[in-house]
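Subject: Structure handover and what I found in it

Hi,

Here is the structure I promised to pass on to you. Have a look at it first, and then read on for my notes.

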Protein chains: 4
Amino acid sequence: MSTSFRDECGVFGVFGDSEAANLTYLGLHALQHRGQEGAGIAASDGSLIRTRRGLGLVGDVFSADHLAELPGTMAIGHVRYSTAGGSSPLNVQPFTVRYRDGQVSVAHNGNLVNAVELKAELEARGSIFNTTSDTEVILHLIAGSPQSTFVNRLVDALARVSGAYSLVVMTGDTLVAVRDPMGFRPLVLGKRGDAWVVCSETCALSLIDGELVREVEPGEMVIIDADGLQSLRPFPEQPRRACIFEHIYFARPDSEVFGESVYSQRVALGRLLAEEHPVDADVVVPVPDSGIPGALGFAQRSGIQFQVGLLRSRYVGRTFIEPSQQIRDFGVKLKLSPLHGVLRGKRVVVVDDSIVRGTTSRKIVRMLRQAGAAEVHLRITAPPTTGGCYYGVDTPNREELIAHRMDVAQICAHLGADSLGYLSLEGLRTVQGAGRGGYCEACFSGDYPIAPPQVGEDEVQLPLFQGNSQEN
Amino acid sequence: MSTSFRDECGVFGVFGDSEAANLTYLGLHALQHRGQEGAGIAASDGSLIRTRRGLGLVGDVFSADHLAELPGTMAIGHVRYSTAGGSSPLNVQPFTVRYRDGQVSVAHNGNLVNAVELKAELEARGSIFNTTSDTEVILHLIAGSPQSTFVNRLVDALARVSGAYSLVVMTGDTLVAVRDPMGFRPLVLGKRGDAWVVCSETCALSLIDGELVREVEPGEMVIIDADGLQSLRPFPEQPRRACIFEHIYFARPDSEVFGESVYSQRVALGRLLAEEHPVDADVVVPVPDSGIPGALGFAQRSGIQFQVGLLRSRYVGRTFIEPSQQIRDFGVKLKLSPLHGVLRGKRVVVVDDSIVRGTTSRKIVRMLRQAGAAEVHLRITAPPTTGGCYYGVDTPNREELIAHRMDVAQICAHLGADSLGYLSLEGLRTVQGAGRGGYCEACFSGDYPIAPPQVGEDEVQLPLFQGNSQEN
Amino acid sequence: MSTSFRDECGVFGVFGDSEAANLTYLGLHALQHRGQEGAGIAASDGSLIRTRRGLGLVGDVFSADHLAELPGTMAIGHVRYSTAGGSSPLNVQPFTVRYRDGQVSVAHNGNLVNAVELKAELEARGSIFNTTSDTEVILHLIAGSPQSTFVNRLVDALARVSGAYSLVVMTGDTLVAVRDPMGFRPLVLGKRGDAWVVCSETCALSLIDGELVREVEPGEMVIIDADGLQSLRPFPEQPRRACIFEHIYFARPDSEVFGESVYSQRVALGRLLAEEHPVDADVVVPVPDSGIPGALGFAQRSGIQFQVGLLRSRYVGRTFIEPSQQIRDFGVKLKLSPLHGVLRGKRVVVVDDSIVRGTTSRKIVRMLRQAGAAEVHLRITAPPTTGGCYYGVDTPNREELIAHRMDVAQICAHLGADSLGYLSLEGLRTVQGAGRGGYCEACFSGDYPIAPPQVGEDEVQLPLFQGNSQEN
Amino acid sequence: MSTSFRDECGVFGVFGDSEAANLTYLGLHALQHRGQEGAGIAASDGSLIRTRRGLGLVGDVFSADHLAELPGTMAIGHVRYSTAGGSSPLNVQPFTVRYRDGQVSVAHNGNLVNAVELKAELEARGSIFNTTSDTEVILHLIAGSPQSTFVNRLVDALARVSGAYSLVVMTGDTLVAVRDPMGFRPLVLGKRGDAWVVCSETCALSLIDGELVREVEPGEMVIIDADGLQSLRPFPEQPRRACIFEHIYFARPDSEVFGESVYSQRVALGRLLAEEHPVDADVVVPVPDSGIPGALGFAQRSGIQFQVGLLRSRYVGRTFIEPSQQIRDFGVKLKLSPLHGVLRGKRVVVVDDSIVRGTTSRKIVRMLRQAGAAEVHLRITAPPTTGGCYYGVDTPNREELIAHRMDVAQICAHLGADSLGYLSLEGLRTVQGAGRGGYCEACFSGDYPIAPPQVGEDEVQLPLFQGNSQEN
């Protein structure tokens, strides 16, 4: 898949380790795929929360000196993909503010559906907003709550919001992890020795030699302080609606997400895809890296040989300029290059996890043909993406989604492929497992678990609050 | 004088020029002496206020590209000296926030005496604070005002605050400049062609080919929008209490401040000092740069020859490390070097504008003696500094002020000078002029126009609000 | 394989395109895997050669402005892995100097076996050396040649050197590409429209939409100027000794090197390895990225299922600090993470392309076992590495090579694997093809085509010339 | 004076102090006025010379870490103003190279008149050149000398060159300081405890608490090693021709140069100027900073009051962009601002040290008039600059010198001044002192002590050797 879909964030928190900031730094490195544009860490030494945030990769934002300036045994961290709000450092989390009871720091993964209304209400009460992030709304609600304890204030605040959130919140002495009642975004609880860890995906636990304890359950609030861990369920129970796209694309293949191995799920999707859309071909190649497990599954089931047909550059990054306008399919070539020996004269099945606008897929089909492929059969390990996401995934406007504008035959013609097969929604559900159930598939089915904002669809795709600042 | 006294800020605003951000950039360059640690510009194109801020000198924070990204015909700017709050980019102004009625941006020079109380009250109402600056209090008060127009909200907010402020505030279409009723800090109004300009000192007007119209008067609020300029006097009238230290040290000698030429005032102080503390000597030398006008005045009146006896390095800046511990008076040597030919065997009068802790003055006396001065007579163009400032000047704790702990004879002995003479408070008043009157001399007289905060004196010297963030 | 083996460089040159510097920039991006520590481009506009070089990745060294400052229709470029000479910018190529006939610029991939002797001889004649690179020796030999044309001087100079070199040399109006008589390092000739291109690997041609014409042959000197292309064979013919390690590890899989598809060769090595060292197992996993083709070949031949068992991080780079000493196998974990679902309870064949010191392989075996592998069978698609390289591959001292100190059984025990199988030297030769013949296999066989320097082996592994400079 | 004249360099060396690199760093800071575009330090620990160089101010090029990486008890350093050769880091000194006998490092202040010829001769012998600096010629001559000791090689090399040089040269164990036989550029010898120091000006000694021993005499070679200091006079004696411009403009006022106090000389020039060109006026103001001593002297002699009439900004540096084209005399306003109170309605004498092209002087005259000056009388403490310099001062082409094209009356009219007076050449000689004699005044008199190169004058104003490289 192209890079058009982006999950907004990854979060991490640790309580009870003298290397709290260092572990958070490592955890954010493991979660870097969830957000590459900014990173931040807030650490508490029991009396003061210190925060460092910056634009760039985790490794660029923090030096050893910076980490040394974040003492304490508690820390939270955040990696962020900048959606429409723009690349302002003000929008990089954690947000640390001071309110009536002292400092509070928050790292948020998700999207609030009623942020615009809440913001209007807060502004009417005299609140000021420094960022364009809906996370700031949560801080205002906490600070404005009439409740007398921090936990109750947080419950009070979250009772007001609607949407998707996996939050890690820290005061001077307490770490709280909360997942929204429908559990859209992942969040897991782990241990590393005596220290507690919370993070978006298990891969962050693996890197720091931690052990998975369990998921933070949908609707659960986990409170960790000097007295240990306490679990609350302060919200009315609701059906789980875990984001199916975490399995299809976002999560790292070595993570366990929503209790399932991401890699195994993706291989299974590829296997079922081979059943649903068989084709007579010579070779199966993935669009790397995200298409690899699906292509392996497709090859296993179909018996067609798996090969590396496209090589992904290790050096594609944001600092590379594109100096030439003379070269066809320039951008995609910087990232992917074809292996002529594998493709020449072959009937090729190419497996990807999704098609968003179709632009990249079209270039890939052309690249395969130019490399000599006799036939190009495109197989997608998910149903057509027909709708946008309001729960924390950065999708383009619905009008830009090719599957919103065209049917499969039209898409196939547009991309120039010999055949195109999407996994069926039923197939997807089969793989996810009837037993577990409870996924949000709105981007495929149009069945939105929480009604999108009343305002025009296009509008909510724009930044909720227009930007205040560009900083260096 | 050493660099121990620092004014907190300089402000600038322009309305009605298509090069608004560029002119603000130039204006801030001219005001750079009022704050060298951070700079920011906010510009409005009528619909959106864009802000860029950063740590460092104006020339380092802004590139041509950055300025091009700040379109519009209105802009405000700020240069800042970081007081105890620490060098966080979050504390660099202008602060631009969004509230009920849209965006508002503010640049503030001064200090609020009741910020701690106001902040407690605001937090009790649920406000959250992102910075450690009292400027944020003003924004909360504006946003929380029940008034229905922006100007009335601003009046409402400022009616609540007590202390020193020269403010430049901008909404999407209106520029407002306000000076507190006692007029502690300077603020002037000028024109450049059809555009209006407001700024801390006239030197910023000179650089951009603007003309001085008049001071913004103490207690005056100047409102500039498409309909032109309007002047309000919304606050009860109070006696003027302009900061005498602007004349003695802060302001640039080429500025006119509080209606007087800074340079001429300083020369006059030196003349009177020569009358009050005559001495039989061979040469008068200034501590550069701030002691130059006073030394000229002293030389003119005394008839003793003026010479350059200490050379100030042009290359002293923040990026110079101090690699050696083996050299005596190392730090001051990087900044000042003696001219042996001028000093050797001479009875030297050395003129400075103030003595704060006495550390630098002691090194200067030693440096002059090592360069061969036969006698060293120290003359100060101000009375002894015996008290701290609560109105926007960054002074050390009173206990650190040498004139709080010692009398003149003790100070002279401590510094190792042959004689020491301070200008008398009466002398200072004479020079300032009976007619104009109305200066705050609290740091010399202990007569504070507005009572300092009730909390312990030491405490208010610390950052009002403990720091939230360190950013890069 | 770990990153212990490194090829020293990649080279690129273009003649006859108005976007010469831009194309070189792209070509170097495609060759980035051959050297990640520095990059440079020299461009000639016919009268002046301009050069820009710097430490870092290609994308970091060059901005659009930099490329615009390199006008002309000819350019050469270089990417470099810093061997023992240290990361001095002085050692980054191309080297551009002025001599009797004007400017000359050179980019070199290889290693001269007699550089120490030549340098001593040149110094005895009064030469001075600015760098620690043996490339500078070539420049001195060119400048000191009694021949009267540039091409003859270059021939004269190269007749003096012994060792491996693929050189791209540029004067103000001529581009020359030369490969040493044994052809150790690769070099190909291509076209892009009317422009000629020379580069280390065909992948650079692919990126810029160029076409492969042929290899620059061992011992061939290709001269390109306004009159077209001319081929000389100025050196006595010698048997080809192409570096087998290009096929095993260095070259990009999508390149054709020495006339063969790198990817296909690697798959074939894996197939033969499965024949030579069969094992009863459940899953074949590669050490990514370089072990992937070999693992595919092993899986194809053995019928054991291929899976992704280790995930390689996309974000491992040089700016990541290692903050914690508490975590086992820390470094390798930042780079590789295991997929528990694939490995748990399984008999695992793990395929890599080489074992150098054994340090990383040992950590990988441990990582697989901790992830639950029931058995770990390590298979290497090359023979044991028993000797160092003197022809441009950066190998550790022979004493550090585990296969120099231990036999296969000892290595297997040391690594903690259940079994270990290396491809036989005969097997390797079979795959390379009897027909083509002519590979240097000295690191496996000890049969060095050119005698290593007489001085102690350890010594030549050290920098030939001790460092002059560290620059910023 | 404007910044059109620039001395090329400052040099520093220390032998026998464990903080050699730190002291050199400080010494270069004191010499920064002699070159602001690049700085470098080479330090020897007895076995290896390490070098760090970079573009920028001393404080920007070196961090504490960098200095720690330059161990040893010997070091040399250099600050450089980039003349026409361009701002390539390759041209930043010291140059450290390896030749027959090991490493040698050199820092050079001056200009060789026969560099072009020597370079041609060296190239004919096969030498290659990495830089566009004539200093590289000296290194080639050393390396090519048939002599058997380093000192004899250096003597041999310098016997070949003609022109101005003050050199500091270092091998692994020896520090050599040499001044050309005519002694164009300054060089002094000092001690700091047991360590020997050599440097361009005494101000560097003052900063590090060193003591002046004496000048390195014209034609003297001082050799310092473990056996102590030795003085040679290896060249035929010649009349001294010290650069008069060091006294007039270049040197720091607190330095003693050529045995005289720079400040006192400048005051004396101003006094004599008042005698030669008296004027009836109200106030004498300097063009800061370099015009201050002359203006003081003029005021003392004339009895006209000295005042600060133009303020020099402390914040003018290279990183300031000039965003506006709308403002008259923009550039000079960023640097200088008028004090209206001093100038308004006054007859003003403005004193500067030279007029080069006239551009800046014209803007200053206009600025003074706009500030209200009734009359503007320009006085220059030197004769008209009618010729270029070939001995290390960066002057524009003779055609650009206003005094080459116009007589005094024409210049006065062009600048818009009411009167203009230059010090006479006889007056200048009087101040320099008949006793000491021996100054080069060629830029005023046209009497060149060493014949300029035969090639066209314009040509030698261009870089001697065209640039090889632009680096980052």
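What is the mean pLDDT of chain A, and what percentage of its residues reach 70 or more? The mean is 91, and 92% of the residues of chain A reach 70 or more. Please keep in mind that this is a predicted model. For the complex, the predictor gives an ipTM of 0.92 and a pTM of 0.90.

Over residues 1–7 of chain A, pLDDT stays under 50, and the model has 26 contacts beyond four places in sequence for them.

**How the chains meet**

Let me start with chain A and chain C. Here 50 residues of chain A are in contact with 50 residues of chain C. On the chain A side, helix 1 (residues 20–30) gives the most, with 5 residues. By class, the side of chain A that touches chain C divides into 26 nonpolar, 17 polar and 7 charged residues.

Then there are chain B and chain D. In this pair, 50 residues of chain B are in contact with 50 residues of chain D. Helix 1 (residues 20–30) of chain B gives the most to the side of chain B that touches chain D, with 5 residues. That side of chain B has 26 nonpolar, 17 polar and 7 charged residues.

Some pairs of chains do not touch. Chain B and chain C have no contact joining them, and their closest C-alpha atoms lie 14 Å apart. No contact joins chain A and chain D either, with their closest C-alpha atoms 13 Å apart.

**Domains of chain A**

Where the two domains touch, 16 residues come from domain 1 of chain A and 8 residues from domain 2 of chain A. On the domain 1 side, strand 1 (6–7), strand 7 (102–112) and strand 8 (163–170) of chain A each supply at least two residues. Strand 7 of chain A gives the most to that side, with 3 residues. By class, the side of domain 1 of chain A that touches domain 2 has 5 nonpolar, 5 polar and 6 charged residues.

**The parallel sheet**

In chain A, 5 strands form an open sheet with parallel pairing, in the order 19-18-22-23-25. Strand 19 (305–306) and strand 25 (419–422) of chain A stand at the edges with a single partner strand each, so one side of each is left without a neighbour in the sheet. Further in, strand 22 (residues 347–352) and strand 23 (residues 375–380) of chain A run parallel and are joined by 6 bridges. One residue to look up there is A:R347, whose bridge partner in strand 23 of chain A is A:E375.

Two helices of chain A lie across strands of this sheet. Helix 13 (residues 359–370) of chain A lies across strand 22 and strand 23 of chain A, at about 150 degrees to strand 23. Helix 15 (residues 408–415) of chain A lies across strand 23 and strand 25 of chain A, and runs at about 130 degrees to strand 25.

Chain C has an open sheet of 5 strands in the order 19-18-22-23-25, with parallel pairing. Strand 18 (residues 283–286) and strand 22 (residues 347–352) of chain C pair in the parallel sense over 4 bridges. Within strand 22 of chain C, the residue opposite C:V283 is C:V348. Helix 15 (residues 408–415) of chain C lies across strand 23 (375–380) and strand 25 of chain C, at about 130 degrees to strand 25.

Best wishes

Conventions:
Residues numbered from 1 in each chain as written. Chains lettered and ligands numbered in written order. Predicted model: local features only at pLDDT ≥ 70, side-chain atom pairs only at ≥ 80, totals over all residues. Contact = placed C-beta atoms within 7 Å. Nonpolar A, V, L, I, M, F, W, Y, C, P; charged D, E, K, R; others polar. Pairing = 2+ DSSP bridges. Axes fitted to C-alpha atoms, helices over the stretch in contact; angles between N-to-C directions. pLDDT = per-residue confidence, 0-100.
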